[in-house]
Amino acid sequence: MKSHLKLLTEPFLQFPTQTSIRIVWFTEFMGDKRSLSKAALRHTVNYGSNFSKSVTAKTIKLNHLREDKYSRVGNQTADGEIYQKPMFREVWRHEALLTDLTPGERVSYRVTSTTENNESISSQVYTLQPAPLPDKPLKILLTSDHQIKPMVAANLQKVKQTFEQIDAVFFAGDLVNIPDRASEWFDDNRGNAFFPCFQGTANYVMKYDGVEITYTGGQIIQNAPIFPCIGNHEIMGRFNQGKSLNEEFNDTIPRDVALKLYGKESLEDNSFNTDTFEKIFSLPETETGKKGYYATSFGDIRLVVLYVTNMWRYFTAENSHKGKYAEPEKELNHPQNWGYGQHIYEPIAKGSTQYDWLVNELNSDEFQQAKYKVVMFHHPPHTLGDNIVPAYTDPVQIIERDRNNNITSVRYEYPKQDDYITRDLIPLLEKAKVQLVFYGHSHLWNRFVSSSGMHFLETSNVGNSYAAAYGVRKRTNLPNTNPDNHDGNCNYTEIGDPYGLEPVVPTIEPLLDENGKPLPYISSNQITVFTIFDTEQGTVSSYRFDTSKPDSEVVKFDEFELVVSG
């Protein structure tokens, strides 16, 4: 009989040092269920000449992963066909640490998992190497906001076809849409889950004029480490409330509110959590005890990854939405059901733990001696996208009452002068002579340059787009209660970058508007964009590809150079 045994993913690489690297993969079986230590013996990596070396993996279970009525997995192709409510799914993570590697030497490897019935399955053969030494020429893929969107498989397929070897992936958040939905990571039946797209095993069909085009993604992270950061789509809300996963995702509340409502017990489960993200990836823990931000050296690059994201909410409280600017009318007397606006998950304001950690990092020898200083986070400091509004600050709650002390409205304002990114973070990065700030969130491509020469890049038109606030097109997420949106304390800017920088027109081959004028952005649901940082040349180059023309070449449309200070 033919065995149906398979790995849930091919292996991928995580956080190398100059002598080590971590190899991670997933299965839907643990191995020997009697003991975790025995299970470790059933999941191994073989590597080196003739695969003569072997390392056993440590195994853990991902305990938040589920499927629900909105999953597209197995035979469920419409809402609720199989899953009417969230159901736990058993997924096991295996991680092997290789510690005897030589800098600059690439070796072959494969992983093997064995069940309690002694059935074995092995991956294909891939290659790995430890972290590169300085002066090693590298090509880094800069990407973000995949979120199981339509163009991702095409995007990564073209990355791999254009560049035979990608040396690392810097991912600026929003890897999937609902992080606790297992199929979005592993096996969505539409063929475009996160790992299949990044491992060349996707099977996503796009249709143009009745013609079906299948894209398979690219075999990238089996051979190159991925460095992710937390975006708003890596964060789940209050856990296991009997709701759909979509509703649970949208049910985050601030920690201090949860403390008042529930006490200290299970505080993360009663507010918000990044449990699945933290278990899927091998995140280094900083001296602060946090895993959401970190710094690492990779060749000539010092990469600083920050936890800068907030809750995304609808611009209106109509139809019972928890809004950016107000709570729904029917919930005014139920504060346990409020959304508390676009609350910030991890503080970055001056004096916060993360801010103080960053100050120390920017003063470290590793950072100051690096040729290239790159800072990556999710929320945009400059963009033409809608998601930069309102300001990145703690919502100011305004509760209005009638003469009988009944609540008549709960509103939120976001004073622009208190934007923590603009007020506190960016001056710190400018002073530290950071060359590139890389981010996502608005699902478009645009870039900016500050007066000091620091570059800002958003290259998130990967899977889809939601338009740009440019020309005559205004932002659609402004509060409709204020007739003068562009003035006042909160300054809800309708068009352009709210913080005063002009977008840079692509330097090589920009797209044109209907009047033949070059556009300083790309916002498209047919044209996908990726960006490559070439450390040998010091260039950051962006490419576009028309997904309706599978045999066409990619077009390099923009390039700029990171200046290295003496």
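This is a predicted model: local features need pLDDT of at least 70, side-chain atom pairs count only at pLDDT 80 or more; totals for chains, interfaces and linings use all residues.
**Entry 1, Val410.** I looked up Val410 and found it in strand E21, which covers residues 407-413. I listed its contacts, leaving aside neighbours within four places in sequence: Tyr325, Ala326, Glu327, Leu332, Trp338, Gln397, Ile398 and Ile399. For one of these, Trp338, I checked the C-alpha separation from Val410, which is 9.2 Å across 72 residues of chain.

I took helix H8, residues 353-362, and noted its buried residues as Gln354, Tyr355, Trp357, Leu358, Glu361 and Leu362. Viewed down the axis of H8, these residues fall within an arc of 160 degrees, so they line one face of the helix. What do the buried residues of H8 pack against? I found strand E17 (294-298), strand E18 (301-305), helix H9 (365-368) and helix H10 (420-431).

I traced six strands in the order E16-E13-E12-E25-E26-E27, with mixed pairing. Strand E16 (226-228) and strand E27 (555-561) are the edges, each pairing on one side only. On average, neighbouring strands here are turned by 20 degrees against each other, direction ignored.

Phe530 has Tyr543 in E26 as its bridge partner. Helix H2 (residues 152-162) packs on this sheet and touches strand E12 (139-143), E25 and E26. I noted that the direction of H2 makes about 40 degrees with that of E25.

How values were computed: Residues are numbered from 1 along each chain as its sequence is written. Side-chain values use heavy atoms; hydrogens and water are left out. Helices (H or I, at least four residues) and strands (E, at least two) are DSSP runs, numbered from the N terminus. Contact means heavy atoms within 4.5 Å. Buried means under 20% relative accessible area, exposed over 50%, partly exposed in between (1.4 Å probe, protein chains only). The arc is that of the directions from the helix axis to the C-beta atoms. Two strands pair if DSSP finds at least two bridges between them. Axes are lines fitted to C-alpha atoms, for helices over the stretch in contact, and angles run from 0 to 180 degrees between N-to-C directions.
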